[in-house]
Amino acid sequence: MLFWIITGGLTLSVVALLSLAFMRARVPDADAATFDVQVYRDQLAEVDRDLARGVLSEADATRVRTEVSRRILTADAAKANASVSTAGGAPFAASVLVALAVTGGAFGLYLQIGAPGYGDLALKDRIEMAESLRADRPAQQEAEDSLASTPALQNAAPDYVALVEKLRLTVAQRPDDLQGNVLLARSEANLGNYAAAHRAQETVLRLKGNSATIDDITDYADMMILAAGGYVSPEAERVLQVALTQDAGNGTARYYWGLMNAQTGRPDVAFRIWDQQLRAGPPDAPWIAPILQQIEDMAARSGVNYQIPTVGDGATRGPSADDIEAAGDMTGAERMEMIEGMVEGLSERLASEGGTPQEWAQLIGALGVLGRTQQARAVYDNGVEVFKDDPAALDLLNRAGERVNVAE
């Protein structure tokens, strides 16, 4: 309410000042005409005095009186016109138009770029709101139930659909058939039946146990998210956490982790993750295209003036094959000097351009090997601050820090 009182008062003040300027635009003309009339009347009185003193003849006095009287009539007419113009007409209409333009324009602009009904939110309040939104968001089944049922793909071959139906019946009779569930999950996904696909994939993970691959896990998360219409549910988030714990640099998992943050009020975290993925590449990765479609919006929502980088430009730049071959012919001191140079280059790039969690972990480990523990701790602390909202990245940094005894 205080916001509207202040902005309303400021708007009215501006409108009043502009209107007053328009209404008083002709006042100087009226004052000049009044002054002229008074001067001419003084001249008439002076003519009478000159006639009485004998300075003017009667004929000259008559001629002067006629001329001055004509001027008085002209000045009176100008004064009257100025008074009418000041009282209304164009200045009044202009002031009304200005009032409407200023008030309407300000209100319309606020509706377009403002947030009616919301007070000013500090960063801490925004983060708390995002955490609340993340904690209270709908579950997987609720999200799936809210979507209209999606029929199988209309262009699917009838023979293929018939085979999938037979596969469903077979798997129902043999629910612990690993190969049958693998085929069923893929087939249902091919038909667009993602809810059925992720249920089959869940069985695949259960049957494989510890032998499940990172692709098995990310496929499960992918099917869950597609079944929910692109929404990352709390259940899908937990699957992504498992995937990122096993492989913190997995592109599919990191893309969806950024998407989850974008959906729960943390576009800044989403932007940071996606920017790192763009720089890491590769250009033909399946997550590059959706990131390119959304990252500029994430940057704008994060208040970042962003220019899309060359995809793959920020990938980990370790020693090349030629470097490794050359190192075989070096003395111990020469190899150490080469490693020092690479570490310095990586350190400078991370400080100026940023990088992936793997690069930060690589630098921490390299500094520890070189015995530069104090610098390794500083890099570790900086990395923890940079990736404080990315659990998978923090896990990777903690493991690197523990190996060189700098993690608390």
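The model is predicted, so local features need pLDDT of at least 70 and side-chain atom pairs pLDDT 80 or more, while totals for chains, interfaces and linings use all residues. Residues are numbered from 1 along each chain as its sequence is written, and side-chain values use heavy atoms, without hydrogens and water.

Two packed helices are described by the angle between their axes and the distance between the axes. Helices are DSSP runs (H or I, at least four residues), numbered from the N terminus, and strands are runs of E of at least two. Axes are lines fitted to C-alpha atoms, for helices over the stretch in contact, and angles run from 0 to 180 degrees between N-to-C directions. For α13 and α14 the angle is about 140°, and the axes are 9 Å apart. Their crossing is left-handed (the near helix is turned anticlockwise from the far one by less than a right angle; clockwise would be right-handed). Contact means heavy atoms within 4.5 Å. On the α13 side, the contact includes F271 and W274; on the α14 side, it includes I291 and M298. The contact residues divide into 11 nonpolar, two polar and two charged. Here Ala, Val, Leu, Ile, Met, Phe, Trp, Tyr, Cys and Pro count as nonpolar, Asp, Glu, Lys and Arg as charged, and the others, Gly among them, as polar.

The loop between α13 (267–280) and α14 holds P282. The peptide bond from G281 to P282 is cis, with omega near 0°. Most peptide bonds are trans.

Helix α14 (residues 288–301) also packs with α12 (residues 251–263), at an angle of about 40° and with axes 12 Å apart. This crossing, too, is left-handed. Y255, L259 and A262 of α12 meet P290, I291, Q294, M298 and R301 of α14. Six of these residues are nonpolar, one is polar and one is charged.

Helix α7 (residues 158–173) and α8 cross at roughly 140°, and their axes come within 10 Å. That makes α7 oblique to α8. The crossing is left-handed. Residues in α7, among them Y160 and R168, meet residues in α8, including L183 and E188. The contact has six nonpolar, four polar and two charged residues.

The second largest pocket holds about 380 Å³ of space. A pocket is an open set of points on a 1 Å grid over the protein atoms alone, where a 1.4 Å probe fits, with protein on both sides within 12 Å along at least five of seven lines; lining residues have an atom within 4 Å of a point. Grid points are joined across faces, edges and corners, and the volume is the space filled by probe spheres set on them. Of the 23 lining residues, T218, D219, D222, M223 and T252 are the closest to the centre. Two or more residues each come from α8 (178–190), α9 (194–208), α10 (214–227) and α12. The largest share, seven residues, is from α10. The lining divides into 14 nonpolar, four polar and five charged residues.

Key. Angles under 35 degrees count as roughly parallel, over 145 as roughly antiparallel, 65 to 115 as roughly perpendicular and the rest as oblique.
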